[in-house]
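Biologist: I would like to work through this structure with you, one question at a time. Could we begin with the terms and then turn to the helices?

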Amino acid sequence: MSPSVPLQEMIRAIRSARTQCEERGVIQRECAAIRAQFRQADNGGRSHNLAKLLYVHMLGYPAHFGQMECVRMIASPRYSEKRVGYLGAMMLLDEKQDASLLITNSIKNDLSHSSQYVQSLALCTLACMGSAEMCRDLAPEIDRLLRASNSYIKKKAALCAVHIVRKVHDLGELFAPAARSLLSEKNHGVLHGAVVLITELCERNPEALERFRKTVPDLVQIMKGLVISGYSPEHDVAGISDPFLQVRILRLLRILGHNNEAASDAMNDLLAQVATNTDSTKTVGNAVLYETVLTVLDIKSESGLRVLAVNILGRFLLNNDRNIRYIAMMSLQKIVGTDHIAVQRHRGTIVDCLKDPDASVKRRALELSLALVSASNIRSMMKELLIFLSSCPLELRAQAASGIFNAAERYAPSQRWHIDTILHVLTTAGGDVRDETVPNLIQLITTASELHCYTVHKLYRALLTDISQQSLVQVACWCIGEYGDLLLKGDCQETEPVQVTENDVLDALETVLQSHMSSPATRGFALTATMKLSTRITDNVDRIRSIVSIYGSCIDVELQQRAVEYNALFKKYDHMRAAVLERMPVIERNSPGHTNGESSGELVKEVQPVKVKEGDAAPTQQPANQVCDLLDLLGGSEEPLKPTSAQSGPAPGQPINTSNSSGGDLLDLLGGLEPVAFTPAPTVTVYEKNGVTLTLSCEKQSDSSMTVTLTASNSTDSDISSFTLQAAVPKSVQLHMKAPSGDSLPAHGTAKVTQTVVLNNPNKVNLKMRIRVSYTSRGSAFQDMVQVDSFPDSR
Amino acid sequence: MMRFLLLFSRQGKLRLQKWFTPMSEREKKKIIRDMTTMVLSRQPRSCNFLHWKDLKIIYKRYASLYFCLAIENQENELLALEVIHRYVELLDKYFGNVCELDIIFNFEKAYFILDEFLMGGEIQETSKQIVNRCIESSDMLQETMEEYMSKPAF
């Protein structure tokens with residue numbers, strides 16, 4: 001009863017169904033018939049029925065009612081039924097089903113069946129779906145079959161043993177001796193099974209690994225036989241004798257030779273022989289070579305052999321077959337860390353693979369190219385990478401862009417090159433870069449002070465061409481705002497001079513402001529830049545004023561807030577405008593978690609002199625004044641602003657910090673401004689003891705209210721913590737203490753604590769204040785009291 | 001070791017599935033869906049290797065059938081291609097110029113051949129001739145109708 005006619009009829013009926021619905025109908029009818037048949041007494045069609053059910057199962061329909069039938073069929077003496085029954089067991093039963101246990105006994109019986117084909121069915125099923133319990137039950141049987149049977153059964157028993165070891169690790173010990181003896185078999189199937197079994201045992205158990213190391217000479221012998229032997233028709237594949245066995249042996253040798261000098265020495269000659277003699281015109285030869293290369297690179301091979309292996313990989317890179325190029329790059333990626341110089345030799349080929357049309361190959365080539373960038377080849381590599389970036393598939397762009405940035409940062413030969421590279425990336429792939437790129441680039445630009453003119457010209461030109469790339473536009477706006485005067489001056493050594501009028505610049509910025517392509521953050525940049533230009537240009541200040549006032553009623557709250565503040569700067573604080581909008585100093589590169597207090601001793605470089613002088617400030621730290629507060633709404637800098645009056649240099653020994661934009665806080669651009677002391681409110685030192693100094697300054701808000709700012713600093717050697725101030729005032733005065741800026745005073749006065757107190761004195765009594773100072777220093781608590789009787793008069 | 005072998009047509013219809021690790025029906029269905037979408041969306045002349053979760057997927061198209069083999073990370077991909085090719089050769093020898101219809105109408109035979117070639121996720125027999133001989137012998141064992149009915153069921 002060979003081709004199953006009833007099965008084929010059913011398949012034909014199902015295939016001729018024209019719609020899914022029709023098909024389901026046919027299948028339901030068939031399943032009903034099958035179920036009826038299962039219940040009936042024996043007829044000639046049991047195996048056909050089960051086969052039909054398995055077909056239905058493959059189409060995706062439920063077939064669990066066939067499980068018991070499988071169990072029954074396995075127990076049948078008829079070979080056809082057994083065959084289909086075991087197939088059904090492998091397809092429908094798995095170790096999670098309860099019915100699978102029921103076949104354990106049948107399998108046990110069949111393992112000792114007289115016919116080897118029945119035995120093989122049982123072995124195959126056990127190796128496919130045997131649960132841990134079944135494996136434990138039947139392991140002794142398998143061990144017996146490993147030793148005393150024909151080669152057909154031995155090879156199957158070996159793989160069954162592999163499955164058992166995977167399921168129940170402890171049983172590995174049981175099979176070790178038999179595995180060892182199987183290596184002396186001549187039959188390739190058995191040898192293959194033995195090698196797989198030994199590999200599995202070695203991978204799981206380091207002791208077994210030690211023991212099996214002694215088999216290395218035997219394995220080398222077998223391998224030599226395969227490589228040197230003449231044509232063997234049974235096992236030949238395109239001129240290679242049994243490549244499957246060769247690859248398996250190589251893999252076992254790899255495991256045995258890993259981290260072991262002696263074993264690695266024993267296989268050196270063999271590996272060299274395989275590497276040189278294997279024909280690499282067909283895939284199968286390359287498969288063997290590939291495995292050889294992997295083995296050579298993983299064991300303690302001598303350097304000549306390693307070079308040979310890397311050269312094979314290099315040859316693979318030039319192969320026409322895409323698969324082989326891909327494999328080569330994957331392997332080179334693994335060794336680029338350890339054998340960097342060897343891989344560098346093939347850099348040219350790898351870079352060429354960037355142009356391969358296959359996406360997987362491109363990805364590998366990109367990873368490898370980025371790993372190969374070094375100080376010596378940065379310029380040429382970057383050229384290639386930038387070309388790649390402009391034509392690479394979308395899913396690789398982000399990776400390429402960030403890789404280029406990292407490489408540029410590590411190996412940039414000059415600042416101008418670095419800036420050029422970043423600009424190039426922003427123009428080609430601006431949408432795919434990470435968010436930190438903008439502040440990083442800005443920081444980079446501020447450090448390259450001699451390139452400001454060049455940079456702003458370049459950015460301006462980029463802005464004119466395309467305003468869709470947000471990162472680029474943001475940086476361009478910032479630069480134009482900062483260095484607009486250099487742009488307008490027109491002469492620049494590095495690029496050709498171009499005449500830019502104030503109106504041109506303002507037009508460009510307005511385009512950005514009004515374009516629907518600009519994100520809200522970008523528009524914020526543009527607005528601020530426009531505002532900054534008000535101090536750098538001479539003629540069109542009115543235009544700027546009108547732009548700013550229009551945005552005072554913008555729907556976007558962020559823009560509106562800025563516009564209103566700038567408006568205020570124009571109207572009420574016009575005298576401060578120039579100072580507020582002056583050039584920013586170099587932004588210090590911040591590491592994450594940096595707080596202002598930590599950068600003790602870091603002196604800020606003053607890049608440009610202050611444009612407006614407004615009376616000398618006393619060289620003490622200025623309290624945050626109102627305009628700073630106003631601007632600081634966006635900055636959100638928690639540390640107290642430390643304005644420097646550039647006139648008075650830093651007080652001796654007192655390091656001055658910029659209130660740092662944390663490098664990543666876009667909105668902190670304004671927070672980073674250094675409000676220069678214009679009309680400093682007078683300060684008075686009210687308390688000075690044990691190195692703790694408390695100064696007080698006040699500013700009259702209105703007739704009856706006054707803002708008092710207390711600033712504390714610590715000039716001792718040790719840090720002070722839990723610093724708190726308490727204040728008391730005469731009864732008729734209302735006191736409102738705002739939250740202090742912090743409660744710790746680091747040593748040597750590197751940072752200060754300020755606290756604002758609002759006093760309301762409607763009865764205009766004589767103002768006095770009692771302040772209690774408490775803090776912890778060197779583990780002990782201190783407390784002190786001071787009375788302030790006279791307040792300095794503010795303007 | 002190999003984790004699974006799938007054969008499906010260009011329309012995504014499954015023709016053969018062999019799982020070498022236990023998996024629930026739901027997982028199997030999901031994997032089949034994932035594989036068919038992934039493989040069928042590949043460009044014609046692209047690399048035969050894919051990465052999926054922690055496995056390597058090797059696929060090859062023979063006429064109208066896609067052979068999709070999943071192997072673990074330490075396995076040799078080029079050899080996996082050879083495994084697929086060897087299986088196709090075995091089918092070809094057995095059916096004589098095998099085509100998709102042969103595999104559809106004689107799927108149980110395709111499984112029997114596979115079970116002589118691979119077992120437990122590993123290669124069982126490396127010689128084509130031996131596999132073919134075994135299949136033929138097993139087929140001979142299949143009873144004729146008279147023999148079938150004369151033997152008791154249990």
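Modeller: A residue is buried when its relative accessible area is under 20%, exposed when that area is over 50%, and partly exposed in between, with a 1.4 Å probe and protein chains only. This is a predicted model, in which local features need pLDDT of at least 70, side-chain atom pairs count only at pLDDT 80 or more, and totals for chains, interfaces and linings use all residues. Residues are numbered from 1 along each chain as its sequence is written, chains are lettered from A and ligands numbered from 1 in the order written, and side-chain values use heavy atoms, without hydrogens and water.

Biologist: What share of the residues of chain A counts as buried?

Modeller: Chain A has 795 residues. By the cut-off of under 20%, the buried share of chain A is 58%.

Biologist: Why do the buried residues of H31(A) line one face of the helix?

Modeller: Helix H31 of chain A covers residues 541-550, and its buried residues are Val541(A), Arg543(A), Ile544(A), Ile547(A) and Val548(A). Directions are taken from the helix axis to the C-beta atoms. Seen down the axis of H31(A), these residues line one face because they fall within an arc of 155°.

Biologist: Which exposed residues does the face of H31(A) turned away from its buried side carry?

Modeller: Exposed here keeps the cut-off of over 50%. On the face of H31(A) turned away from the buried side, the exposed residues are Asp542(A) and Ile550(A).

Biologist: How many helices and strands does chain A have?

Modeller: Helices (H or I, at least four residues) and strands (E, at least two) are DSSP runs, numbered from the N terminus. Counted in this way, the secondary structure of chain A comes to 34 helices and 10 strands.
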